[in-house]
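Let's go through this predicted model together and ask what stands behind each term. Have a look at it first.

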Amino acid sequence: MEGNNPVIAEIGHFALVLALAVAAFQCIVPLVGAHRNHREMIASAVPAALVQLVFIYVAFAALMHAYVTSDFSVANVFENSHSAKPLLYKISGVWGNHEGSMLLWVFILAIFGAAVAMFGNNLPPRLRARVLGVQGSIGFAFLLFIVTTSNPFARLNPPPIEGNGLNPLLQDPALAFHPPFLYAGYVGLSVAFSFAIAALLDGKVDAAWARWVRPWTLAAWMFLTIGISMGSWWAYYELGWGGWWFWDPVENASFMPWLVATALLHSAIVVEKRNALKIWTVLLSILAFSLSLLGTFLVRSGVLTSVHAFAVDPQRGIFILAILIFFIGGGLALFAWRAPTLKSGGFFAPISREGGLVLNNLFLCAACAAVLIGTLYPLALETLTGDKISVGPPYFNLTFGPIMLPLLLLVPVGALLSWKRADLVAALQRLWVAAAMVLGIGLLVFIFNQRGPWLAPLGIMLGAWLVLGSIVDLAKRISLFRSPLATSFSRLRGLPRSMLGMTLAHAGVGITIMGIVCISLWKVEHILAMKPGEKAEVGQYTVEFLSETPVTQSNYTGTGGHFRITSGSVEVATVISEKRNFKPTGNTTEVGLLQTLFGDVYVVMGDKTATGARVVRMYYNPFVTLIWLGALVMFLGGALSLTDRRYRVGAPRRNTAAVGVPAE
Amino acid sequence: MGALAVLGIAAGLVLYALRDTIVFFYTPSEVSQKNVQPGTRLRLGGLVEQGSLTKTDGAKVHFVVTDMTKAMTVNYVGQLPDLFREGQGVVAEGVLGTDGNLLADTVLAKHDEKYMPKDVADRLKAQGKWKGTTP
């Protein structure tokens, strides 16, 4: 092909091998140096992490170049790309396959490693050397995996004229960016893991350590939140089932690290503020990354059947399993050996902020365990007995829901308890305004939903409780409506950012809960055969099938079904549902979607029936957008908390707390 | 104490749910061999028999799932997945009727040309009917 420079792929391959060598150095030298307290060896960690990033960046850029220029002499490009693809999907094709996605994984790992190296100037040098050494060992394991079993730069001679194309389901904007976010989350937890291992080697965990771990965990958690919700959003409008979460093992694989990372975020606060829960926090740091590795194993080894299983190759599965056993087993063994040397302090009464956070951790970990069992049980049973089963949504609804319910009820209460010893009655008294408002909302829902499901008012009340419980307390702190608006505003600005972030994140959970309750209980589904000109009702909308027209694009051809949506006599929109035949292979159905804040009209055109009509499936999904809106609010809450003064890198220590604001 | 109570309740829920909500995967031969009772929820896997797909008006479809030894009719209301083809792998989940047909509420088809549901591939391999399209 013209414009190709075949040398670039070779440079990429070479850079990858060099990165492997650097990773070996970064793993061994700083760890040995830290053990012997050898200054030069300790200092070598920082340049090693930076050089590592440079080499992996070169490799990644080389693969990207091969995709963008459609260099089919690279086997990976030939198998997963096509010259007629739009540029966006040529780029996202880089990680739309096993080899490229593993390269993305180590690329993000190297970015995090380099970030620790660059921004870690106020870390004790030995601790930083150990953290980077552990990061290096993770990088070494995965680079070895790539170089020996999953080389993205394998060549074909002679180069084919045209590629096989990317799975058309993956040719989608949300999915193009879903893997990078998700990996940033998975891999971000490696930093917490490395800090935990370094602390075990150091034998010291203190408030400064927690102040370091928390922002990295927070960043990883934010990426996971966005990555998971993008995946769910994609499943909603691309798979055409009208659902947004399927408890698919692959979804669970990303959800479990999120649950534990959420627990870790909360327990790290206790270490930082009260110097307690240290051993538990170290354990959670190890577990969170272990679940990330488990997720990578489940998705990449091909033991699961799903759209994510690119590779069904036992050799790769065994390699990742070996990595898994080494890091999880090694981490836990080190924990068992060294944890007793960590001194714990900071005693607290059961009813206190600490107590509330312990309860939070307990429920989150129990929920995560329930998901883990449901995900792995079919694998275990098949291995042991040969029976094949599927554990579906009924299992998860029955276990996950009841475990999370008390946690969600307690969130606004826990946030009001004071450290060390708290007055539960006083905290509840502060919540009475929110409680009254929630009851009012419940009553309204009950009145308007007399024929609907009885769970509806309760579910909405739960969501409203989280939102209002967080916001009402904030309003009180800034004496909103009781003092001039300007005073309230300046008080708001004086509050610690982490507190505002917490309020926002908790409210985000409430918003997501309300979306889930609405779509679960009030979804309207309608399947029928329609001919052009016919109408059907769904929710308060009327959907009219207007016509079918042929569609031609560079990478597919197909048929578009046009549907006019009216509400009463008002025309709201015309949506198009397409059946697409992709070049060179694959079919998809695109959903015709009308989105409003109050609800979505979701139209899917199906096959022709015997009489030439089309099977049409339509849904009315009330308030479904709240699910992803809530996730966005959680993300923003995390971002706000990340900018808190006490985490700011190199910020001068100021002790001038704003006047009139009670300490958090 | 409280911690133990929470863990105990969680463990109880998990065990109860595992007993009551899991769905077994069978091929048509196993449905008759294992004497599965009508009313049982199951996943049926196999190949869609050539020429067996019939669509009535409305959105009802019927097709036959075969494992080359036995065959079973599946009734389904709704839209078949884009990758549903006669002669290729399929998994249908639903309830076994008294007439011996499966009333399916979910039909899953393989995700791309190279790929067939692992469950089906394993069964076909075990029966020596695998037609060797391993990627």
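Q: How many helices and strands are there in chain B?
A: Chain B has 3 helices and 7 strands. Along the sequence they follow the pattern α-β-α-β-β-β-β-β-β-α.

Q: What makes β1(B) and strand β1 of chain A a pair?
A: Pairing takes at least two bridges between two strands. Strand β1 (residues 389–391) of chain A and β1(B) share 3 bridges in the antiparallel sense, so they count as paired. Within this pairing, Ser390(A) has Val23(B) as its bridge partner.

Q: Why are β2 and β8 of chain A called edge strands?
A: In chain A, 4 strands form an open, antiparallel sheet in the order β2-β10-β9-β8. β2 (524–530) and β8 (592–595) each pair on one side only, which makes them the edge strands. From one strand to the next, the twist averages 15°.

Q: Which element of chain B gives the most to the side that touches chain A?
A: In total, 32 residues of chain B are in contact with 40 residues of chain A. α1(B) gives the most, with 9 residues. By class, this side of chain B has 18 nonpolar, 6 polar and 8 charged residues.

Terms used. Residues are numbered from 1 along each chain as its sequence is written. Chains are lettered from A and ligands numbered from 1 in the order in which they are written. This is a predicted model: local features need pLDDT of at least 70, side-chain atom pairs count only at pLDDT 80 or more; totals for chains, interfaces and linings use all residues. Helices (H or I, at least four residues) and strands (E, at least two) are DSSP runs, numbered from the N terminus. Axes are lines fitted to C-alpha atoms, for helices over the stretch in contact, and angles run from 0 to 180 degrees between N-to-C directions. Two residues are in contact if their C-beta atoms, placed from the backbone, lie within 7 Å. Ala, Val, Leu, Ile, Met, Phe, Trp, Tyr, Cys and Pro count as nonpolar, Asp, Glu, Lys and Arg as charged, and the others, Gly among them, as polar.
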